[in-house]
Amino acid sequence: MAVSAFFIPSVNLMGAGALEDSVVRMSEYGYRRALIVTDPYPATLALADKVGGLLKARDIQSFVFSGVQPNPTTQNVEAGLEMLRANQCDVVISVGGGSPHDCAKGIALVAANGGKIADYEGVDRSAKPQLPLVAINTTAGTASEMTRFCIITDVSRHVKMAIVDKHTTPILSVNDPVAMATMPAGLTAATGMDALTHAVEAYVSTAATPITDACALKAVSLISASLRRAVANGQDMEAREQMAFAQFLAGMAFNNASLGYVHAMAHQLGGFYDLPHGVCNAVLLPHVEAFNAPSCAARLADVAVAMGAQASAEGALAAIRTLSADVGIPAGLTQLGVKLKDLPTLADNALKDACGLTNPIQPTHEQVVAIYRAAM
Ligand SMILES: [Fe+2]
């Protein structure tokens, strides 16, 4: 096989108390002026405040940019950059889920490399490492706190740009289940199904390796065992902790084996209708894997076994559908407001998404439209 590289932040903190530990490390790294990137939701703002207080106690000044939208945009990146430059920050700290992490990556990458974030669409387009990024995660999850993937919506084209760049890997990732306990049930369900999608797409990816396989299958079994509990009771700290590990393992898998057409197609729904990423993935996952099944039936049978289902591709699809329904994900795209007339345009854009390159089968435009239609 060709040489495969394995990307991961150099330090990754897990478990209750990881948040406090991360601030001690930032102080040891010698940072002095931090840009905190977050979204305007009360729970994340409160956490950003807490981080600001902990930083201050260690003599690190911080400036809060809380303008990140659920699907972060090119404008969000520009606004954050302006604040970073005005305050001469030497580190970026993202607080929240995938949206703040992705926006922070965009800010940190352009801060070090210049130009505009759209210049870096694609794979490894930047010349220099980004400004140091510490990612404090509150969802389980996109795993964006530990990946080299950065998804930014280009508002002029209504397209989600996939920026896959080794230089966007955070320097330090923080997964503290205590910070995840405030996540509402709907977000827990959507982000948990996103993590399941990462694991399944990485497992059937053409770039999978024995390392990513081990991470992916363990993630699938943990999600299958814990997601329902985390959704039913957000204060179930054991379930929260298992989901934190699961989403991180799924991140290790897809950060290195990449993804497939679930993400390539979900990104377009997110960019076009501003829909939640995890929900789009959850709806599309069984349909894309049904399309992939002829080329990866044995791998889907492994997924089925990891979910405690009958060892077959059909077993995996049924288990995914059941889990999705149990955590309250809508059954189809129609319920999300997707329109049949838009499907050809969505398919055009999905075919250009870098995430589709490692899908087990490269679909035609017609086939992508047919998968969207089946998911309606
Ligand atoms: Fe995702």
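**Briefing: cavity and iron site**

The largest cavity has a volume of about 40 Å³. The model described here is predicted. A search of the whole structure returns one cavity of 30 Å³ or more. The protein also supplies four donor atoms to an iron ion, in an arrangement that is irregular.

**Cavity**

- The residues lining the largest cavity are Ala 140, Met 180, Met 183, Thr 188, Gly 192, Leu 227, Ala 230, Arg 240 and Met 243.
- Two or more lining residues come from each of the elements α6, α7 (210-232) and α8 (237-257).
- Sorted by class, the lining of the largest cavity comprises six nonpolar, two polar and one charged residues.

- The iron ion has as its protein donors Asp 194 through OD, and His 198, His 263 and His 277 through NE2.
- These donors lie 2.1 to 2.2 Å from the iron ion.
- The arrangement is irregular because the angles subtended by the four donor atoms at the iron ion run from 82 to 167°. For a tetrahedral assignment, all angles would have to lie between 85 and 135 degrees.
- For reference, the ideal angle for four tetrahedral donors at a metal is 109.5 degrees.

**Placement of the donors in the chain**

- Along the chain, the spacing of the iron donors is D-x3-H-x64-H-x13-H.
- His 198 and His 277 link distant parts of the chain, being 79 residues apart.
- His 198 belongs to helix α6 (residues 185-204), while His 277 belongs to helix α10 (residues 277-306).
- Both His 198 and His 277 are buried.

Notes
Residues are numbered from 1 along each chain as its sequence is written. This is a predicted model: local features need pLDDT of at least 70, side-chain atom pairs count only at pLDDT 80 or more; totals for chains, interfaces and linings use all residues. Side-chain values use heavy atoms; hydrogens and water are left out. Donors are N, O and S atoms within 2.8 Å of the metal (3.2 Å for Na, K and Ca); water is not among the atoms, so sites may look incomplete. Four donors count as tetrahedral if all angles lie between 85 and 135 degrees; four count as square planar and six as octahedral if opposite donors are over 155 degrees apart and all others between 65 and 115; anything else is irregular. Helices (H or I, at least four residues) and strands (E, at least two) are DSSP runs, numbered from the N terminus. Buried means under 20% relative accessible area, exposed over 50%, partly exposed in between (1.4 Å probe, protein chains only). On a 1 Å grid over the protein atoms alone, a cavity is a set of points where a 1.4 Å probe fits but cannot get out, and a pocket is an open set with protein on both sides within 12 Å along at least five of seven lines; lining residues have an atom within 4 Å of a point. Grid points are joined across faces, edges and corners, and a volume is the space filled by probe spheres set on the points. Ala, Val, Leu, Ile, Met, Phe, Trp, Tyr, Cys and Pro count as nonpolar, Asp, Glu, Lys and Arg as charged, and the others, Gly among them, as polar.
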